[in-house]
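Please examine the structure shown below.

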Amino acid sequence: MRYNPDQHVLQCPKCRDGMEEVTYGNLTIDRCTGCKGLWFDSGEAEALRNRWMAEVLDTGDPKVGRKWNKVGDVDCPRCGDRMEQTTDPSQIHIWYELCNKHGIFMDAGEFTDFKYDTLVDRLRGLLAGKRPPG
């Protein structure tokens, strides 16, 4: 079992290091101590997207995030079910993993990119194309 609700300990679904809880306002998310990927329980990424300076939670190196983004078979850190590989509908170059029951995992740098939807992001989306199956 990967999640103990009494201890609030999660294991990173990508690099398998432990995750630490980090709080921004009244929301607490989990950040990997290794690759710096971020776990958002359902609705948290969308809630933080609109908060001023919430990108400070995304402390990882985007180059490291791109490396881990290539990892395909990823299991939910809450339930252990295989997560769906998906893209953000408005920024298709952002590839993340989704557990329909529990939340999403974003690699280092992806949340900051997710937060800021710019014209450059739209161009990147055209160049990135569709996410290949993992």
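**Strand pairing**

Strands E4 and E5 form a hairpin with two residues between them. The model is predicted, so local features need pLDDT of at least 70 and side-chain atom pairs pLDDT 80 or more, whereas totals for chains, interfaces and linings use all residues. Residues are numbered from 1 along each chain as its sequence is written, and side-chain values use heavy atoms, leaving out hydrogens and water.

- E4 covers residues 84-88 and pairs with E5 in the antiparallel sense over five bridges (strands pair if DSSP finds at least two bridges between them; strands are DSSP E runs of at least two residues, helices H or I runs of at least four, numbered from the N terminus).
- Thr87 stands opposite Trp95 in E5.

**Nonpolar cores**

- The largest nonpolar core has 16 residues (a core is a set of buried Ala, Val, Leu, Ile, Met, Phe, Trp, Tyr and Cys residues joined through side-chain atoms within 4.5 Å; buried means under 20% relative accessible area, exposed over 50%, partly exposed in between, with a 1.4 Å probe and protein chains only).
- Elements supplying at least two residues each to this core include strand E1 (19-24), strand E2 (27-32) and helix H3 (110-115).
- Apart from this core lies another, of 13 residues, among them Cys12, Cys32, Val74 and Phe105.

**Around Val56**

- Val56 lies in the loop between helix H1 (44-49) and helix H2 (62-69).
- Val56 counts as partly exposed because its relative accessibility is 46%.
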